Every structure is written in C-alpha cells, then in structure tokens.
Amino acid sequence: MSYASQQQGLTGPKLVAMIIALSIVGLVGAGMVIYLAVDAVKKTIERVTTVDVTEEPPPPPPEEPPPPEEQPRPTSPPPPVAPPPPFNIAQNPPEIVTVQTPPPPAPVFREATTAPAAPPGPPTPPKVSKARGVQPKGQRQWAARIQENYPRRAAQEEIEGTVGVRVTVTADGRATACSVTSSSGSSILDQAACTDLERYGRFEPALNDDGAPISASWSTRITYKLN
C-alpha cells in the first residue's frame, strides 16, 4: 500500500493543524538562526573594534658621513728670479742741451673798483655823567647836637680844641669808620668827635656815573669851644 493511501485517513482539519504546526516550527527555527547570526556578527564587530593599534616609532635619522679630510694642496715651486740687468756705465757724460725760454709776460695792473664809502652818521652825543660826592644832609641840626654833647670832663677842665675827622659814608647815608686826621691835643675831644659824628651825622651818599649810590669818604673839622 502506498504512502498516499495510508494518509487517506487524515481529514481536512487535521491537515490544516499539521500545516500550522510545521509553520510555527519553521518560524522558530528561522528566528533561532537569525539570532545566532546577529550574535556572531556582534562578536565579530567587538573583536575588530577592540584591536589595539600601536604606532611604530619613526626610524632614526641616517648618520651624516664624516667630512672628507682636507688634502694638502700641492705647492708649486717658486718662480725663477731673473738676474738684474747689467748697468751701462758711460765713460762720457751726457750732453747738456740749453733751451732758451722767453721771459714771462709783464703783469697787467687793473684799477680796483671800490664802492663809495657810506656817509658818516651823526656823532654820538657824549654820555652825561651823574657822579657826585658826599653831601651833608641837615648839617646845622646835627652839628648843633654835637656841640650840645660837649664832653663833661673836658668842660670841667675847660679844654677846647679843633678835631679833624674822616668818615666813610655808606650808600644809605650813614657815617662809619671814623678816624682822626688832626688831633685837638686832647684825647677826650678826639674820641668825642668821632663818636658823635657817627651817631648824629646824616648824608646824601655819593653817586657813580650812572647815578647809583656808592660808598665814599667825607672829611670835616669839629671845633669845641666853651661859651
């Protein structure tokens, strides 16, 4: 009996159920095959990506060959030295030839042209000097004060006399550095004359050529006389 005749006992519903069962088994098998294939691909990718790549070090630079040694240059022999030419010493001296040269031309004198002189300017007026000597200032007043200040001792001893004095008048009109030029014969009167003249004397100072006050000397005579 053939296989077809043996399966005649399968009905329609059984056949459909068998087909469905075989489809499920096929799908499961195909899914397992796909899962295994994907897993294998993942492992392969991991192996490829985890490979360490190490760079090889660069090769060392080539060594430079040593410079060639300098070869000594061949020295050429020195050039031959020619002997000096012989001197020809003549027995007769050379002839002297005289040449007559004409005299130089006479110099030509030309009159120099000079520009006319400028007319003289006006004469400079002479500078007026403002110099002057020392002049007493209010001499009557301070001479009277000197007479009033008659030395007491000289008055008691009735001493009289005339004293010549010289003082230096400063630029501000004060008398200083008094000295006796002629003595009265009494040291009391001589000393009193210098002391009182420096104390009471007033002056207009001397002036230089520009009119500026300067120091100068001034001389006078003071007479002491009792009434």
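## A buried tyrosine and the chain around it

In this predicted model, Y224 has a relative accessibility of 1% and therefore counts as buried.

Among the contacts between residues at least 6 apart in sequence, 70% join residues that are at least 24 apart.

## Aromatic pairs

Four aromatic pairs are found in the structure. In one of them, the ring centres of W142 and F203 are 5.6 Å apart and the planes stand at 55°, so this pair is classed as tilted. Because W142 belongs to helix α3 (residues 139-148) and F203 to strand β4 (residues 203-204), the pair ties together parts that are 61 residues apart in sequence. W142 is buried, with a relative accessible area of 6%, and F203, at 4% relative accessibility, counts as buried as well.

A further aromatic pair is formed by Y150 and Y224, and this one is edge-to-face, with 5.5 Å from centre to centre and 85° between the planes. This pair, too, links distant parts of the chain, since Y150 is in the loop between α3 and α4 (152-156) while Y224 is in strand β7 (residues 216-224), 74 residues apart. Y150 has a relative accessible area of 15%, which means that this residue is buried, the limit being 20%. Elsewhere, W142 and F203 come together with W218 in one aromatic cluster.

## The hairpin of β2 and β3

Strand β2 (residues 161-169) and strand β3 (residues 175-182) run antiparallel and are joined by five bridges. Where the two strands face each other, V169 stands opposite A175 of β3. The hairpin has five residues between its strands, and G173 takes a positive phi near 85° there.

## The disulfide

How many disulfides does a search of the whole structure find? The search finds one, and this disulfide is formed by C178 and C194, whose sulfur atoms are 2.3 Å apart. The link of C178 and C194 is left-handed, with -70° about the S-S bond. Because C178 lies in strand β3 and C194 in helix α5 (residues 187-200), the pair ties together parts that are 16 residues apart in sequence. Both cysteines, C178 and C194, are buried.

Leaving aside neighbours within four places in sequence, E198 is in contact with A175, T176, A177 and C178. One of these residues, A177, is 21 residues from E198 along the chain, and the C-alpha atoms of the two are separated by 8.1 Å.

With C178, the approach involves polar atoms, as the backbone nitrogen of C178 lies 2.9 Å from a polar atom of the E198 side chain.

Notes
Residues are numbered from 1 along each chain as its sequence is written. This is a predicted model: local features need pLDDT of at least 70, side-chain atom pairs count only at pLDDT 80 or more; totals for chains, interfaces and linings use all residues. Side-chain values use heavy atoms; hydrogens and water are left out. Two strands pair if DSSP finds at least two bridges between them. Helices (H or I, at least four residues) and strands (E, at least two) are DSSP runs, numbered from the N terminus. A disulfide is a pair of cysteine sulfur atoms within 2.5 Å. Buried means under 20% relative accessible area, exposed over 50%, partly exposed in between (1.4 Å probe, protein chains only). Rings of Phe, Tyr and Trp (its six-membered ring) pair if their centres lie within 6.5 Å; planes under 30 degrees apart count as stacked, over 60 as edge-to-face and the rest as tilted. Contact means heavy atoms within 4.5 Å. A polar contact is a pair of N or O atoms within 3.5 Å; within protein, one must be able to donate a hydrogen and the other to accept it, and residues adjacent in sequence count only if both atoms are side-chain atoms.
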